[in-house]
Amino acid sequence: MHNMKERLHTGELYLPNDENIIKEQVTYQDKLCDYNLTKPSETKKRAKLLKEMLGDCGEGVYIEAPFYANWGGHHCHFGKMVYANYHLTCVDDSHIYIGDYTMIGPNVTIATAGHPILPELREQLYQYNMPVHIGRNCWIGAGAIIMPGVTIGDNSVIGAGSVVTKDIPANVVAVGNPCHVMREISEHDKEYYFKDRKIEKSKV
């Protein structure tokens, strides 16, 4: 039988109000509070705090403040050059993995935590967590919500406002609620960057 803290990462039901969990969680949340009080000009201080806060923090990671995370980012693992715009919310009760060069629009929520459908269990405050994996060089559009246990493949684009409830493969544009594949990234995307606007050949 796992203790409550060990159950954070097993997918088993556990009680998040466990004394040992809360004691540790608050220390990471305090650091996150410090991060959110930094000024945009304090780039070195922000970079140092991110290294301390995040489970893994690759070179060039930048998160606009305010940033919100249940464990202060402690269970977030970001590759290099990950950029997140304002109001990223990571419900990082379990692990969130984000690959190199991925960009995240404003007001995105990435959730690992869920609660049982059965009311009697919710009343007792039971919770479970499932990890989230986002690949390399993805673009997560503004206001998207990534649900527990989801994997998004490399290079894929998630449209603004999408609710991602199931895995999304690599190299696609996916949109909607629930999020579904609209099309593959294609030759057209090598020529146009937005509607009828052409990419200058010198750019690629």
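**View 1. The hairpin formed by strands E18 and E19 of this predicted model.** Strand E18 (172-175) and strand E19 (residues 180-184) form a hairpin with 4 residues between them, and Gly 176 in the turn has a positive phi of about 100°. The two strands run antiparallel and are joined by 4 bridges, with Val 181 of E19 as the bridge partner of Ala 174. Strands here are DSSP runs (E, at least two residues), as helices are (H or I, at least four), numbered from the N terminus, and two strands pair if DSSP finds at least two bridges between them.

**View 2. The open sheet of 5 strands.** The pairing is parallel, in the order E3-E6-E9-E14-E17. Because strand E3 (67-69) and strand E17 (163-164) at the edges each have a single partner strand, one side of each is left without a neighbour in the sheet. Within this sheet, strand E9 (residues 109-111) and strand E14 (residues 145-146) pair over 2 bridges, and Thr 109 has Ile 145 in E14 as its bridge partner.

**View 3. The lining of the largest pocket.** Of the 24 residues that line this pocket, the closest to its centre are Trp 139, Val 157, Val 173, Asp 189 and Tyr 193. A pocket is an open set of points on a 1 Å grid over the protein atoms alone, where a 1.4 Å probe fits, with protein on both sides within 12 Å along at least five of seven lines, and lining residues have an atom within 4 Å of a point. Strand E20 (192-194) is one of the elements that supply at least two residues of the lining, and E20 gives the most, with 3 residues.

**Notes.** Residues are numbered from 1 along each chain as its sequence is written, and side-chain values use heavy atoms, with hydrogens and water left out. Local features need pLDDT of at least 70 and side-chain atom pairs count only at pLDDT 80 or more, whereas totals for chains, interfaces and linings use all residues.
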